[in-house]
Amino acid sequence: MAVEDCSKLLSKIRVLARLEVPPEDCERITEIRGFLEGVRRAGPLVEGLDPLYHVWEAESRLRDPREKGYGHVNIEDLGVETREGYVRLPWRGRL
Amino acid sequence: MKKRGSLAQQLASGVYNPVERLEEALYLISRLEEEVNAFITLLPEERLREEAREAQRRILEGKARPLEGVLVAVKDNISVRGLRATAGSKMLSCYKPPYNAHVVERLVDAGAIIVGKTNMDEFAMGSTGEYSAYGPTRNPWDMGRVPGGSSSGSAATLAYAAVDLALGSDTGGSIRLPAAFTATVGLKPTYGAVSRRGLIPYANSLEQIGPMARSVRDLAFLYSVIAGRDPLDATSIDYQPPDPYTLEPRDPEAVRLCVPEEIIDASEAPVKAAFEGLLSRLEAQGATIEYFRAPWTSLVLPAYYTIAMAEAASNLARYDGSLYPCHDSRARTWEELNVEARTRLFGPEVKRRIAMGVLVLSEGYRDEYYVKAAKIRRLVRDRVLGIVRECIIGQPTSPVLPPRLGERLGDPLQLYALDISTVTANLAGVPALQLPVSVEPLPVGAQLMARPRGEVDLFELGLLVEEITGLAGVSAF
Amino acid sequence: MRPVIGLEVHVQLTGAGSKLFCGCKADYRGMPPNTNVCPVCLGLPGALPVPNRRAVVQALAAAMALKCRIPGAIVFTRKHYFYPDLPKNYQITQFERAGGAPVCTSGVLEYLDPAGWVWRRARIRRINLEEDPGRSVYPGGSIVSSEEVLVDYNRSGVPLLEIVTEPDIPSPRAARAFVEYLLLTLEYIGAVNPRLEGAFRVDANISLPGGERVEVKNIGSTLEVERALEYEYKRQRLILERGGRVERETRHWDAHRRMTKPLRHKEEEAEYLYMPDPDLPPVLTRPLLGEAEALVATSPRRLLDEITGDGVPLEVAWSIVQARPAASLYMEARGRVRDPRVLARLLGVDYKGALREAGRGPHDPSNWPPAETMARLARLVEEGEYPPEAVRGLIIPGLVRDPQASLETVLPEKAEGLEAVVDEVIRAYPRAVQDYMSGKRRALDYLVGQVIRRLGRRAVDPREVRRLLEERLGGG
Ligand SMILES: [Zn+2]
């Protein structure tokens, strides 16, 4: 992966993961990407296989809506800033 | 080096004294914890003493519960109500879960004393214990070396005997690798056998909470308490763990062990020598040892990391600076808040894994990476199930001896390579037990893999291996 | 210029009891902010989702009602985007292209368009069962300008059906009819009470020949579906008629100003990092189909067919079916009357109208009398015992006041009590009596009026008064 590919990737990460990865990391990221490309070596070994992990003989349990599981959470206990019970967060800032 | 008697035996015979044991533990902690750094949070001594006295009282009154007064360490990604759970990250340095993990409920109901929350690689992403925001953990067997990760603190504290049991979590070897590096015993259970409720997730489809101890029987004891159906975990299975009291070592004549050549070839000389030593002693006692080829071995690491990173990117999206606030923010907008919190509070390895996870799930790449990896998982599962129907798979747990601190930090690929032996069990969903084979000059461990729900096979064979190695109950201090 | 309209309707399963994946309430209305929350719907780390059985069954019932292809297994998918009201920053939904499986694909809804009383048909592309996000309030103005956002997670995790049509709807009026009929269908399943505030939201896309497709978001009522699309239709037509170009864009419906406005910030290329949710194994549908089928048994269409089959005009039948208690009453009482058309009129026109006049809801069963009362009333009307004015003006308002009242107490007074008043009036108005006796027949009308006036608000049948007067005054 070329360096400009990496900077494109980093801006993609910024948008999709809301995360800034420093450009110094490009070398490592390129290496890891090359490592993950190892999945392509599977070739014909995996042809026609179902990619869903769900094939693990699984079936979800269903819950009766009256069932109680977790207790209710007091939002204040999370240490968030509230106003009249609402969680207060920045949005567009001062325009 | 020291050897301790079986906790299980002490409990069964009623000679276990929680008050005395706690004092010993507190002494070891005061002497060693500062250097080892096994805990992120320790409970106040007074509270622990009170719990020990209460446990002692119950024992004397004949009201002891299965783990009455037993000292347990809990990995810091497992939720204990009201007790800070950082998962080794700055991101959660103020987070106090408002609910207990299912396994913690069971521990508490069984009378265990939770001594503290153990150090770990940030969000369980790491194989050495060095990627914790709370400083690296050291290996009690050699303080210049890593204890392995990501359940580094749980393994290290068992190795210096501050606790007798510990909970870890294993996504790709995070219980077994540190157990191998610290000469302790660790189990990655059958997928679904132990509830994940309350486990701060890294890669949900791969990971399990599991027991750690200094002997197979003690481990089986803890396992019998934490395993079993949880209706609030949709991936939990109907399952009855083996009864720890009635376990017996397996007759060596009835042992059939299958060894993958690729893993032996990938192991460095001292590891190979120690493991092959075990094999020949087993064989001498009448066990059948077979070698087989596992040509998919070169695929397991890229497949495992692709899936783990994809799920990590998804699971860690929630840490956006809003519901887990613990820092002075200068952000004026929502997006700024997200980027600021995530960029400042995630460590470098976590950021890399999120970045790669986003890549492998994005349009145009998903089919090439994520879907391919998922298909490889299917392939590995099918092949492994075919083998464990016939025999137990045995192989070294780690390809190398415990690395020196800092040795693998520079190169992520060097780090990922440590997991070559362990990730297969997570991809296949089968149980895997690690136990020590030698401690000279440094700990080397063996890993046994069985059919799904085959923990009983692992315990029986494990007891036999302990008879051979004589390493049950061993600790560095 | 005929528009082409496609709809995306989000309907909360208000009748699901609990949220989709946790035990918090599905109907959070009236609760203070952030008091209907738990670790699961706040997305706290380690909290795990377990699907609500009733929500899944209702979703399957909706899929059946819309004649969909139903998969053998529902597979939940994570859809990622960062938003303050989405606590995990992903929504659990379904997406077929990423290994998920929606509750429904390729269905169809035949809906009644009351403008012209025709049946129309719209294909359903798919239905997803998903989590509703929390609710955001923008105190400093709007979503595009507010400095901060206030979030209430009470709604977070409420089961939501996302129903997407093909672009088969021919007019804004038909779009409204579609949504109304769809909601009625879901109401009959027991899945939603569409009258609850915020129980459904509509996004619509509309294009005209020669123009691009415009998506209108944030439509909150069926009336506004018509208004928003009507507005957008006229806006686009004007542009095209002036030779302009209609660009592909997303607009926001401002219900207050009754206009659509462009969403100022450009929508990013949608990239949702879809991934099957590893916490949720597939939900097998086969074991649930029987239960779902039972919910679809009484559909609006089936009832309409039955009622019109009794000879009831479609308008009246539609009026009955729109109020579920009326439909139940009709079905229960129809076998006890000679002419079901009379019963239908009583229910769908007279009684429903009286409820509206009295400001009472036709959807609350307790506002309706028992079937036996309605059946007996219908028989009295059939037998001509009471004229329509008495039924509409006296009997029905009496029942509306007290639906549990026995019919006797609301029926107009018969002769006994009347006789005294009639005699009183004969004594009080000798001139009118004389006029009548001398052949001025209109004097009788005057006397009837005086009797009714003296009875005040008591119920009376004017024909009965006339008969009594004639009897007293000896024929005339
Ligand atoms: Zn909840």
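**Stop 1**

Helices here are DSSP runs of H or I with at least four residues, strands are E runs of at least two, and both are numbered from the N terminus.

Before moving on, some housekeeping. This is a predicted model, where local features need pLDDT of at least 70 and side-chain atom pairs count only at pLDDT 80 or more, while totals for chains, interfaces and linings use all residues. Residues are numbered from 1 along each chain as its sequence is written, chains are lettered from A and ligands numbered from 1 in the order in which they are written, and side-chain values use heavy atoms, with hydrogens and water left out.

**Stop 2: elsewhere in chain C**

Pick E332(C) and R336(C) for another salt bridge, with the closest N and O atoms 3.9 Å apart. E332(C) has 48% relative accessibility, so it counts as partly exposed, and R336(C) gets that label at 33%.

Next, jump to T105(C) in strand β5 (residues 104-113). What does T105(C) touch, leaving out residues up to four places away in sequence? Show C68(C), R69(C), R125(C) and R126(C); a contact is heavy atoms within 4.5 Å.

**Stop 3: chain B**

Colour chain B by secondary structure and you'll get 16 helices and 13 strands. Its radius of gyration (over C-alpha atoms) is 21 Å, close to the 23 Å that the globule rule gives for 477 residues, so chain B is as compact as a globular protein of that length. That rule is 2.2 Å times the number of residues to the power 0.38. Buried residues make up 71% of the chain.

For a look inside, select helix α4(B), residues 102-109, where H102(B), V103(B), V104(B) and L107(B) are buried. Their cover includes strands β3, β4, β5 and β7 and helix α7 of chain B. After the helix comes G111(B), with a positive phi near 90 degrees.

Then try R4(B), R21(B), E24(B), D164(B) and R214(B) together: they are linked in a network of salt bridges.

**Stop 4: where A meets B**

Finally, show the contact between chains A and B, with 49 residues from chain A and 66 from chain B. How much area do the two chains bury between them? About 5300 Å², 69% of it on carbon and sulfur atoms, counted as the accessible area (1.4 Å probe) that two parts lose on being put together, summed over both.

The rule finds three salt bridges across this interface. Zoom in on E368(B) and R40(A), which form a salt bridge with the closest N and O atoms 3.1 Å apart.

Technical notes: A salt bridge is a side-chain nitrogen of Lys or Arg within 4 Å of a carboxyl oxygen of Asp or Glu. Buried means under 20% relative accessible area, exposed over 50%, partly exposed in between (1.4 Å probe, protein chains only).
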